[in-house]
Amino acid sequence: MTQLVLAGVIGALFALGTFLVLRRDVVRVVWGVVIISQAANVYLVTMGGLGGGVPFLPDAHGGGHGGAVNVTDPLVQALVLTAIVISFGTTAFALVLSYRVYEEHGTIDMNELGDSA
């Protein structure tokens, strides 16, 4: 049931991000890219497994040594955490660039920016 709800949330996030990327406003395009990247992060965490145990304590679930234990992959979580930090930095940079474009041209509408170039 949890994976079904997450699949719906991921689909909604990708749809919203795609809708925002197709707008004419530069700031909305930046936010659309951010939402798509966060949807990809949620997808990666979901595919990494949600119902596993702690990877460093296999005896906590009675698996013992050499027994098969369902554990959550920590590599996916580390990858997503790194992606979130990098995404935060690039988002801040893109918003600052959008502000500079607004200061230079007086607009952030992409059609008007294309006409002035």
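Phe14 sits in helix H1, which covers residues 2-21; helices here are DSSP runs of H or I with at least four residues, strands are E runs of at least two, and both are numbered from the N terminus. This is a predicted model, where local features need pLDDT of at least 70, side-chain atom pairs count only at pLDDT 80 or more, and totals for chains, interfaces and linings use all residues. Residues are numbered from 1 along each chain as its sequence is written, and side-chain values use heavy atoms, with hydrogens and water left out.

With a relative accessible area of 32%, Phe14 is partly exposed (buried is under 20%, exposed over 50%, partly exposed in between, using a 1.4 Å probe and protein chains only).

## Asp109

Now for a loop residue. Asp109 falls between helix H3 (74-105) and helix H4 (110-116). Asp109 is buried, at 14% relative accessible area, and its side chain makes a polar contact of 2.7 Å with the side chain of Arg24 (N or O atoms within 3.5 Å; within protein, one able to donate a hydrogen and the other to accept it, and sequence-adjacent residues count only if both atoms are side-chain atoms).

## The whole chain

The protein has 4 helices and 0 strands, giving the pattern α-α-α-α along the sequence. Of its 117 residues, 19% count as buried.
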